[in-house]
Amino acid sequence: MSQTRTIMIECLRYDPEQDQAPHYRTYEVPFTDEMSVLEGLQYIKDHLDGSLTFRWSCRMAICGSCGCMVNHQPILSCQSFLRDYYPARIRVEPLEHFPIVKDLVIDQSDFLGKLESVTPYLVPAQPLTPEDGPNLQTPRQIEDYLGYAQCINCLLCYAACPQYGLNNEFTGPAALALLARYNADSRDAGQKTRMEVVNAEEGVWGCTLVGLCSEVCPKHVDPARAINRNKINSTQDYFLRFLAPFGRGS
Amino acid sequence: MRTRSHEPIVWSLFGAGGVFAALLGTMLVLIIGILVPMGLGFGPDAMHYDTLRSLFGHPLPALGLAVVISLFLFHGAHRIYHTLHDLGIPASKKIMLACYGSAAAGSGAALLLAGMLVVF
């Protein structure tokens with residue numbers, strides 16, 4: 001059992017039904033070396049202030065629920081340890097660029113709409129039935145999309161993206177990385193449907209390759225790469241449609 | 001229905017300018033800034049006015065020079081346009097015109113000069 005120390009956790013508190021504006025409250029939290037920031041928040045909720053509201057589920061960087069800003073950096077609170085911040089105090093805030101529902105809980109509706117817009121599922125070339133048997137892939141074909149398929153929709157990339165912060169019409173890193181994930185899948189034939197999203201101003205062209213999305217991604221998805229590879233596809237589509245005006249997109 | 005972005009036009013020029021800047025730019029710095037002044041691999045007259053004047057008097061080198069200058073300008077214009085947006089100055093038709101317009105004007109001037117080098 002490691003030694004117990006005390007760290008100050010400064011939490012943003014905001015209840016839109018009661019408060020005029022967000023404010024901060026500081027809690028003294030005893031912690032041991034193995035305690036994550038999430039466990040610090042759970043300590044506050046269990047022992048100091050039951051009204052503190054935050055999302056969490058798996059505690060092991062799989063569910064993507066516990067994303068928040070710690071000292072202005074978007075992180076998964078289950079994946080960051082209090083010992084790494086001690087003796088300084090830490091400031092915990094909800095993910096940037098999203099409306100606050102309460103305290104550290106943000107409203108994900110905007111992202112969910114964008115996710116839906118990229119047709120985030122396999123679109124088979126022909127309708128398949130169970131009688132068609134398994135849809136086999138070679139390891140090489142799996143490799144083409146596996147990296148992008150690691151996304152857990154934690155939204156750290158949206159909190160990090162300055163372009164999404166400036167203009168939230170931008171489809172954003174995670175949704176565009178998932179778009180690339182399905183386009184890269186050998187079982188999918190939905191590229192044409194997704195091209196409209198890619199080609200739009202709010203699609204890949206909203207990105208200026210700042211690259212912070214890829215830096216903060218806890219699953220190493222690299223959305224910046226996915227988006228900028230699709231800039232090449234969009235450029236080809238833009239010019240080639242003049243060569244084959246009846247066969248290609250809008 | 002989403003509107004298709006026309007950015008591929010300027011992005012292609014930006015990309016081509018970037019490639020030229022990375023490949024030719026460094027080479028030019030090496031040649032003009034280091035090798036020629038130090039007399040390494042080039043004769044004393046390599047950068048002389050008459051040598052360069054006769055080189056760019058031929059249509060192909062002159063056109064090549066104008067194209068490189070033009071692509072550098074479009075690369076810079078695109079970067080400035082997006083950096084202004086990043087700095088909080090919202091993208092507008094005016095800024096777009098100022099950025100890409102000056103690159104286009106510079107390209108026109110480069111082409112004109114290249115033509116003059118060949119003709120006169």
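What follows is a conversation about a predicted model with chains A and B.

Biologist: What does chain A contain in helices and strands?

Modeller: Chain A has nine helices and seven strands. Its C-alpha atoms fill a box of roughly 65 × 40 × 30 Å along the principal axes. Of the 250 residues in chain A, 45% are buried.

Biologist: Why is Asp103(A) called buried?

Modeller: The relative accessible area of Asp103(A) is 2%. Buried means under 20%, so Asp103(A) with its 2% counts as buried. Asp103(A) sits in the loop between strand 6 (100-102) and strand 7 (105-106) of chain A, and its phi is near 45°, a positive value in a residue other than glycine.

Biologist: Why is His47(A) called exposed?

Modeller: His47(A) has a relative accessible area of 56%. The cut-off for exposed is over 50%, so His47(A) is exposed. This residue belongs to helix 1 (residues 37-48) of chain A.

Biologist: What makes strand 3 and strand 4 of chain A a pair?

Modeller: Strand 3 (residues 67-70) and strand 4 (residues 73-76) of chain A are joined by four bridges and run antiparallel. Pairing needs at least two bridges, so these strands with their four bridges pair. Among the partners, Cys68(A) is bridged to Ile75(A) and Met69(A) to Pro74(A). The hairpin has two residues between the strands, and Asn71(A) in it takes a positive phi near 50°.

Biologist: What makes strand 2 and strand 4 of chain A edge strands?

Modeller: The sheet is open, with five strands in the order 2-1-5-3-4 (chain A) and mixed pairing. Strand 2 (23-31) and strand 4 of chain A each pair on one side only, and they are the edge strands. Neighbouring strands of this sheet are turned by 35° against each other on average, direction ignored. Helix 1 of chain A packs on the sheet, touching strand 1 (5-13), strand 2, strand 3 and strand 5 (90-93) of chain A.

Biologist: How do you know that the peptide bond from Tyr86(A) to Pro87(A) is cis?

Modeller: Its omega is near 5°, and the bond is cis. Pro87(A) lies in the loop between strand 4 and strand 5 of chain A.

Biologist: How much area do chain B and chain A bury between them?

Modeller: About 1700 Å², with 56% of it on carbon and sulfur atoms. Arg2(B), Arg4(B) and Trp11(B) supply 45% of the area that chain B buries against chain A, more than any other three residues. The contact takes 22 residues from chain A and 14 residues from chain B.

Biologist: Which residues meet where helix 9 of chain A contacts helix 1 of chain B?

Modeller: Helix 9 of chain A contributes Lys231(A), Ile232(A), Ser234(A), Thr235(A), Tyr238(A) and Phe239(A), and helix 1 of chain B contributes Pro8(B), Ile9(B), Trp11(B) and Ser12(B). By class, that contact has six nonpolar, three polar and one charged residues. The axes of helix 9 (residues 223-240) of chain A and helix 1 (residues 7-35) of chain B come within 9 Å and cross at roughly 120°.

Key. Residues numbered from 1 in each chain as written. Chains lettered and ligands numbered in written order. Predicted model: local features only at pLDDT ≥ 70, side-chain atom pairs only at ≥ 80, totals over all residues. Heavy atoms only, no water. Axes fitted to C-alpha atoms, helices over the stretch in contact; angles between N-to-C directions. Contact = heavy atoms within 4.5 Å. Nonpolar A, V, L, I, M, F, W, Y, C, P; charged D, E, K, R; others polar. Buried < 20%, exposed > 50% of the residue type's maximum accessible area, 1.4 Å probe, protein only. Buried area = accessible area lost by both parts, 1.4 Å probe.
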